[in-house]
Amino acid sequence: MKKQMTILALLFGILLMTATGCKKTKGANAMTPIQPPQKGEEIAIITTNYGTMKVKFFPEVAPKAVENFTTHAKNGYYDG
């Protein structure tokens, strides 16, 4: 009986997280479609053992993170 209650509580928790994660939001948290980089827009090209990734920056969303990453990249911090 205790095991069944634990499983039931776990399933209820998963259902609750799923339901609350699907609500529509407006403003900064709203999901918008990501467009490909525009001509002249800066991107990062990261090469790993598993392949190459191209990363688009969103300075309007995370200006400090973009600034930190691009500064380190230009100074050679990520080379190798």
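1. A salt bridge is a side-chain nitrogen of Lys or Arg within 4 Å of a carboxyl oxygen of Asp or Glu. By that rule E42 forms a salt bridge with K74, and their closest N and O atoms are 3.6 Å apart. E42 lies in the loop between α1 and β1 while K74 is in helix α2, so the pair ties together parts that are 32 residues apart in sequence. In general, side chains of opposite charge can pair when their charged atoms come close.

2. Some ground rules come before the other points. This is a predicted model, in which local features need pLDDT of at least 70 and side-chain atom pairs count only at pLDDT 80 or more, while totals for chains, interfaces and linings use all residues. Residues are numbered from 1 along each chain as its sequence is written, and side-chain values use heavy atoms, with hydrogens and water left out.

3. The overall layout is as follows. The chain has two helices and two strands, in the order α-β-β-α along the sequence. Helices (H or I, at least four residues) and strands (E, at least two) are DSSP runs, numbered from the N terminus. Strand β1 (residues 43-48) and β2 pair in the antiparallel sense over six bridges; two strands count as paired if DSSP finds at least two bridges between them. The two strands form a hairpin with two residues between them. Within this pairing, A44 stands opposite V55 in β2.

4. How much of the chain is buried? Buried residues make up 5% of the 80 residues. Buried means under 20% relative accessible area, exposed means over 50%, and partly exposed is in between (1.4 Å probe, protein chains only). The chain exposes about 7,800 Å², and carbon and sulfur atoms supply 63% of that area. Accessible areas come from the Shrake-Rupley method with a 1.4 Å probe; for residues, only the protein chains shown count as cover.

5. The ends of the salt bridge in point 1 can now be classed. E42 is partly exposed at 42% relative accessibility, whereas K74 is exposed at 63%. A search of the whole structure finds two salt bridges. In one of them the side chains of K64 and E67 meet, at 3.9 Å from N to O. K64 and E67 are three residues apart in helix α2, and are therefore separated by about one helical turn. K64 is exposed, with 52% relative accessibility, and E67 is partly exposed, with 43%.

6. Which residues does T70 contact, leaving aside its neighbours within four places in sequence? They are E42 and F57; contact means heavy atoms within 4.5 Å. T70 is found in helix α2 (residues 63-74). Its relative accessible area is 11%, so T70 is buried.

7. The structure holds three aromatic pairs. A pair of aromatic rings is described by the distance of the centres and the angle of the planes. Rings of Phe, Tyr and Trp (its six-membered ring) pair if their centres lie within 6.5 Å; planes under 30 degrees apart count as stacked, over 60 as edge-to-face and the rest as tilted. The rings of F57 and F69 have centres 5.6 Å apart and planes at 50°, so this pair is tilted. F57 lies in the loop between β2 (51-56) and α2, and F69 in helix α2, so the pair ties together parts that are twelve residues apart in sequence. For F69 and Y78 the centres are 4.9 Å apart and the planes at 25°, so that pair is stacked. Ring pairs link F57, F69, Y77 and Y78 into a cluster.

8. Cover differs within this cluster. F57 is buried at 12% relative accessibility. F69 is partly exposed at 26%, and Y78 is partly exposed at 42%.

9. Not counting residues up to four places away in sequence, F69 touches A44, I46, F57 and Y78. Across the chain, residues 24 or more positions apart account for 12% of the contacts with a separation of 6 or more.

10. A last point concerns helix α1 (residues 2-21), where L11 is placed. L11 is exposed, with a relative accessible area of 52%.
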